[in-house]
Amino acid sequence: MHGFRKDERGARFGIRAVAVAALSIAPSLLVPLTADARTLAVEIEAVETPVGRLEDVAVELSWPAGADAGDLSLLAARVRAPGLGYAYENLRWSCRLTRTGGTANEAGGFACNGEVAAAGTRSGRLQLAYDGEGLDARLARGEARAHVRIGEARAIPVELQSLPADWLAPLLAGVWPEATLTGGQLDARLSVDPGHERGTRVEGTIAAHRLGVDTRDGRVATADLSAAGRLDLLLADRTELSTTLKLRGGELLAGALYAALPPSPVDLELRVAGGEGRWKIQQMHWRDGTVLALQAQAELDLQGQDWLRSAQVRADSADLAQANARYLGSLLGTLGLADVELAGALAMEFTIQDGRPVVLSAEPGQARIRDGQGRFAFEDLSGSLQWTRGGPAREGSLSWGSAALHGIALGAANLPLRSERGELALAAPAMIAVLGGELALQQLRWTPGFAEADTGTRAELALQLEGAELAALSRALDWPEFTGTLDARIPAARYRDGVLAFDGDLVVRVFDGTVTVGSLTMERPFGVAPTLAGDVALSNLDLEPMTAVFGFGTITGRLDGRIGAMRLVDWAPVAFDAALRTNKAAGEKRRISQRAVRDLSNVGGAGIAGGLQAGVLNVFDTFPYDAIGLSCRLENNVCRMGGLEAHGAGYLIVRGRGLPRITVIGHQRTVDWPVLVDRLQAATGGQAPVVR
């Protein structure tokens with residue numbers, strides 16, 4: 001945001017305090033202006049006051065003989081109040097001066113009321129009254145009111161009412177140069193001591209209404225914030241601020257944290273000290289009922305890239321649902337978890353040194369976490385998650401009553417954990433029930449990106465899955481109900497630089513055969529548009545139950561195949577090289593139904609040739625075959641089709657044998673992928689897994 005420019009902000013507090021103090025010379029002008037006096041002009045090189053300094057001052061007083069009042073004008077070329085941050089050029093004040101007491105030979109008191117302004121500022125109305133013991137100044141502009149009393153006491157009382165917040169911009173600039181006041185009003189009863197032994201001290205009560213603040217880099221901002229409480233401010237080479245406030249409503253931004261404050265009061269106690277962009281939060285307490293209690297100490301460098309240099313923070317919430325709505329949503333959004341639903345309780349602590357976390361502790365209490373996109377869910381989450389980069393190792397554990405990953409239910413689990421040197425690891429193997437089988441989590445290691453400079457998040461895991469029911473998996477993923485079991489052994493899976501790579505193969509035992517997935521890698525598995533790559537091998541699958549599940553007519557026999565160089569983006573296929581072909585297993589009958597012939601013909605854009613006319617096809621229910629083969633190489637959303645072998649301009653899909661003999665030939669070599677998907681869904685009656 002733009003910085004403050006002194007000639008545009010109209011900070012009337014500085015005008016009031018300095019101009020009023022300068023007019024303490026007025027009583028001495030009244031004594032010689034007796035019956036025979038008409039006009040008196042005085043030029044003064046400089047006037048020093050408890051608040052500031054006026055330079056090149058010109059005062060002119062016109063008092064007609066025998067009159068009850070005169071006209072006073074004051075011009076100061078420069079006005080400086082360095083303790084408060086105010087500076088003006090060409091201060092002008094004109095008023096009607098009247099006596100309020102005294103005699104012809106003794107000045108007594110006076111009062112003067114008139115317009116006051118400085119270069120680049122809007123005018124206000126300044127009323128000045130001197131009673132022989134002190135000077136009262138009242139400034140008004142619109143609804144704004146300000147009252148100052150300068151007497152023999154060192155401290156100057158200041159009362160502000162409906163004061164536009166930007167009037168205090170110079171004062172803020174001295175404390176926080178990077179910030180700008182963008183709106184709001186202030187009420188205050190303050191005591192300003194410009195002669196304090198350590199600088200200028202301001203203390204008293206304040207109330208801010210719909211306050212707006214913004215910094216040039218946009219990292220800190222408030223909007224429509226209301227606050228009331230006490231303030232103790234010392235303006236010096238090292239600024240010190242102590243305040244106790246009740247905040248109501250409005251919005252607050254601090255880095256990645258965005259808070260929408262409630263109308264109910266939030267208590268804030270704050271003690272800070274520093275200057276020139278480097279600040280130390282000596283103590284901070286934030287209390288929002290049961291929603292959030294926070295204690296913090298920190299060192300900030302607001303001019304640096306890593307502005308949080310060190311910190312010790314503890315936060316407790318007994319109402320995570322409200323804490324998520326008010327405080328956590330933006331932080332979770334930066335982690336790709338903008339739609340997460342939270343409930344239950346959570347206590348957290350963390351320590352930062354030299355801009356990097358060294359300790360992190362999280363203790364959920366019967367918490368619930370549900371991802372709005374259905375990627376994960378945990379119920380009754382409890383335990384103590386401990387992570388450390390330095391110092392002794394820390395032990396902890398994490399347990400849940402139930403969980404789900406991408407709709408796949410997981411049973412209750414307890415994970416013993418240990419952390420040291422920036423790594424969080426599974427301290428002992430853990431068993432988790434899943435899909436009627438059992439998942440053995442044998443190894444888990446996680447090193448977050450913030451643990452080491454210039455490195456990303458790293459993770460390793462090893463697991464083994466046995467006896468998972470494919471029927472349960474099919475129901476969870478809304479697939480046709482496959483039968484069989486899923487077994488897998490992953491000796492090592494490594495995540496680094498946004499890529500998850502698997503060692504070993506994922507083996508699925510289905511349709512009395514096996515499906516093996518190898519060379520599996522994922523890019524951005526937890527981010528936007530995840531990418532999956534790998535190779536799939538099919539071995540000796542029984543075609544009869546397989547075609548029954550997919551509603552693809554009936555084919556008996558065994559199937560082998562491969563899907564090489566497979567690549568999915570956001571779970572949609574963008575490339576692969578697939579080839580499926582029946583094998584000649586001994587003793588296996590190889591027959592194909594009339595419907596399967598038609599479905600294969602439709603998928604390949606094929607025609608029927610070689611032995612029967614289309615009309616005769618309806619006479620027979622099944623046909624013997626020698627071999628079936630179909631291939632597709634997907635690139636640029638186009639599938640290049642093939643079969644058992646070339647056949648003229650087409651390709652052979654079904655080679656018949658015996659009688660009645662059937663042959664299916666594909667004629668379309670290239671097919672748009674969406675068209676092919678539509679054909680597959682039509683052939684299976686919509687029973688195939690939906691490819692998106």
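Predicted model: local features only at pLDDT ≥ 70, side-chain atom pairs only at ≥ 80, totals over all residues.
Residues are numbered from 1 along each chain as its sequence is written, and side-chain values use heavy atoms, with hydrogens and water left out.

**The chain as a whole**

- The protein chain holds 10 helices and 45 strands; helices (H or I, at least four residues) and strands (E, at least two) are DSSP runs, numbered from the N terminus.
- Of the 692 residues in the protein chain, 45% are buried; buried means under 20% relative accessible area, exposed over 50%, and partly exposed in between (1.4 Å probe, protein chains only).
- Among contacts in the protein chain with a separation of 6 or more, 49% are between residues 24 or more positions apart; a contact means heavy atoms within 4.5 Å.
- The protein chain has an accessible surface of about 33200 Å², and carbon and sulfur atoms own 52% of that surface; the areas come from the Shrake-Rupley method with a 1.4 Å probe, and for residues only the protein chains shown count as cover.

- The buried residues in H5 include Leu 320, Ala 323, Asn 324 and Tyr 327.
- An α-helix has 3.6 residues a turn, so residues three or four places apart point the same way.
- Just after H5 comes Gly 336, with a positive phi of about 75°.
- Helix H8 (residues 594-603) is largely enclosed by the rest of the structure, because 7 of its 10 residues are buried.
- The buried set in H8 consists of Gln 594, Ala 596, Val 597, Asp 599, Leu 600, Ser 601 and Val 603.

**Aromatic rings**

- The whole structure contains 6 aromatic pairs; rings of Phe, Tyr and Trp (its six-membered ring) pair if their centres lie within 6.5 Å, and planes under 30 degrees apart count as stacked, over 60 as edge-to-face and the rest as tilted.
- Phe 576 is buried at 11% relative accessible area, and Trp 673 is buried at 12%.
- Phe 376, Phe 378 and Trp 400 make up one aromatic cluster.
- Arg 99 places its charged end over the ring of Trp 63, 5.6 Å from the ring centre; a charge sits over a ring if NZ of Lys or CZ of Arg is within 6 Å of the ring centre and within 35 degrees of the ring normal.

**Positive phi in loops**

- Most residues other than glycine have a negative phi, and most peptide bonds are trans.
- Arg 421, which is not a glycine, has a positive phi near 55°, and its place is the loop between strand S26 (413-420) and strand S27 (423-426).
- Arg 421 is exposed, with 65% relative accessible area.
- Phe 511 also has a positive phi, of about 50°, and lies in the loop between strand S33 (506-510) and strand S34 (513-523).
- Phe 511 is buried, with 6% relative accessible area.

**Residues within strands**

- Gln 185 in strand S10 (residues 179-196) is partly exposed at 32% relative accessibility.
- Beyond its neighbours within four places in sequence, Gln 185 has contacts that include Glu 143, Ser 162 and His 209.
- Ala 362 in strand S21 (residues 356-370) is buried at 13% relative accessible area.
- Ala 362 and Gly 383, 21 residues apart in sequence, are 8.3 Å apart from C-alpha to C-alpha.
- Glu 43 in strand S1 (residues 39-48) is exposed at 75% relative accessibility.
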